[in-house]
Structure formats: structure tokens, C-alpha cells
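Me: I would like to learn how to read the strands, the backbone geometry and the ligand site of a model. Please take me through them one at a time.

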Amino acid sequence: MIIIITPDEFKSVSEAAREDGRAPDEIRPLKIEAGILERADGSSYLELGGNKILVAVYGPREAQIKKLQRPDRAVIRCRYNMAPFSVEERKRPGPDRRSVEISKITAEALRPALILEKFPRSVIDVFIEVLEAEGGTRCAGITAASVALADAGMPMKDMVVACAAGKVNGKIVLDLSEEEDKRGEADMPVAILPRNKEITLLQSDGNLTQEEFEEALDLAIKGCLKINKVQKEALKRKYGE
Ligand code: ADP
């Protein structure tokens, strides 16, 4: 069968579809596994499109460094790290401004979900290792870290789940790939507690009008809720109902 498309129809089809063929409200293929490392207290592995991320959690355990101890609660420390082989050109190993910033915002995004008062003078360490990066790693890291914390048996009010929305070719789209992030006009990572939709992270890189911002926030929250289902399935597979 031959289908004839007029130039106008072709234009509207090609504008509707994203480079990788996704619909504007579609996330990349997502896979999450809980509890894959023997030696960590909790762990997870996540793939989102071309992202591959491993998270290990240690603790809660007594903080050895006095300065770190809080008499009434535990402290959460996060380290986001990109492997040298995770990006096209070898990345210099070790922390840089970007990874220090992402480590900080990750701890802030996770903290509201954790019942830290249960563990005074303790510390919880979250290690996020980006093995391969393809855009949206800060969100994917937060999503995976939350699964690893639950796997560690950390008492939590809810999971934390993150997803970005942004603007590419004038359109608001969900879960930007690296290519879309590079070409796009705006990228807005959002993290929420899915039960009450409390926002624990909201960043914005680029320019959005008030309407576009609201549309992107709505879309990011919808993405978060989809991703939360996959988080829950990963924990169910590991621990049953
Ligand atoms: P996020 O990964 O949360 O989207 P950025 O917007 O800072 O964070 O980065 C977007 C993407 O750019 C990353 O996911 C990664 O694919 C790529 N990237 C980040 N840092 C580097 C780097 N040092 N070298 C090459 N690519 C990088």
C-alpha cells in the first residue's frame, strides 16, 4: 500500500515527533532493579534511555566524625560521580563544580522523604555512580537513590522520584535526551514525593514563559508518577507484595 503525504502533512508529522520518535509526554525506556550489590546496605541499578546508573547506600551508621553528628537526627550525604567512560570524551576523574552541585541538590531532594529523627548522631551515605550518561542523570540518580534507600530499609514517608520536562523546538516535552538538552531552549528537572506531590527539587536552565513553566511542571509531575510505578515494581520484585 502506498500512502501519499502532502508537504504540509509531512511538516506537521515531522514537527510532532521528537528525534527519537517519542511523543511529547513519553519518557525513554526505563528499567530499575533493587538490591543488586551484596556489600552495600541498599542498592539499585537504573537504565533510562542511554543512562546507566548504579547507587549504593551505607547506613544509617554512627557518624565517626564529631562535626558531622547531629544530636537529634541522622545526616544524609550524597556523592554523585560520573565515570570517566560515561561520556563521549573521557571525563577527568574526580569531583568538579557540576558533580558537587548535583550531589548537594540530590541530598536536598531526598531529605524530606527520610525519617532522620530515628537515627540521632548517624550518617547515611548515598553513592551515585553514572556509568553511562545521556541527559537527565541528576533526575535518574535521585530516582535510583530513593529505591536504594528503600532497599536499605531506611524508614521513609514516601519515595522520591524525579523527571525533567523542557522546551525543544518551541514544544514542551518530557524527559529530555542529551541531544534535546543541547539543542533545546529549556530543561527543568523536578523531584517530588509522589503521594502528596510535594516538590523537593525544581531547577530550571533556559527560558520559559509563565504558561510554559506551568505546562512543563505539570508534565514533569506526570512523568514522575509514571516513573514511581517502575520504582514500586522494582521493590515488589525484590520483596514481594
Ligand atoms: P543532567 O545529566 O542532569 O541532564 P546536565 O544538564 O548538566 O545534567 O548534563 C546533560 C548531559 O550532558 C549529561 O547527562 C551528559 O550526558 C552530558 N554531560 C555532562 N557532563 C559532561 C561532560 N563532562 N562531558 C561530556 N558530556 C557531559
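Reply: E8 and E9 form a hairpin with four residues between them, where strands (E, at least two residues) and helices (H or I, at least four) are DSSP runs numbered from the N terminus. The model is predicted, so that local features need pLDDT of at least 70 and side-chain atom pairs count only at pLDDT 80 or more, while totals for chains, interfaces and linings use all residues. Residues are numbered from 1 along each chain as its sequence is written, and side-chain values use heavy atoms, with hydrogens and water left out.

Me: How many bridges join strand E8 to strand E9, and in which direction do the two run?

Reply: Two strands pair if DSSP finds at least two bridges between them. Strand E8 (residues 186-193) and strand E9 (residues 198-202) are joined by four bridges and run antiparallel, and isoleucine 192 has isoleucine 199 as its bridge partner in E9.

Me: Which strands are joined to E5 by bridges?

Reply: Strand E5 (residues 122-132) is joined to E3 by nine bridges, the two running antiparallel, and isoleucine 53 has its bridge partner in valine 130 of E5. Strand E4 (residues 75-82) is joined to E5 by eight bridges, and these two run parallel; here tyrosine 80 is partnered by isoleucine 128 of E5.

Me: What should I look for in the backbone angles?

Reply: Most residues other than glycine have a negative phi, and most peptide bonds are trans. In the turn of the E8 and E9 hairpin, lysine 197 has a positive phi of about 60 degrees. Asparagine 169 has a positive phi as well, near 50 degrees, and lies in the loop between strand E6 (161-168) and strand E7 (171-174). The peptide bond from glycine 59 to proline 60 is cis, with omega near 5 degrees, and proline 60 is placed in strand E3 (residues 51-62).

Me: Which residues surround the ligand, and how is that decided?

Reply: A residue is near a molecule if one of its heavy atoms lies within 4 Å of it. The residues around the ligand include Met82, Val87, Arg98, Glu134, Thr137 and Asp181.

Me: Which polar contacts can I inspect?

Reply: A polar contact is a pair of N or O atoms within 3.5 Å. A backbone N or O atom of glycine 136 lies 2.8 Å from a ligand oxygen atom, and for alanine 133 a backbone N or O atom is 3.5 Å from an oxygen atom of the ligand. Arginine 138 instead places a polar side-chain atom 2.9 Å from an oxygen atom of the ligand.

Terms used: A polar contact is a pair of N or O atoms within 3.5 Å; within protein, one must be able to donate a hydrogen and the other to accept it, and residues adjacent in sequence count only if both atoms are side-chain atoms.
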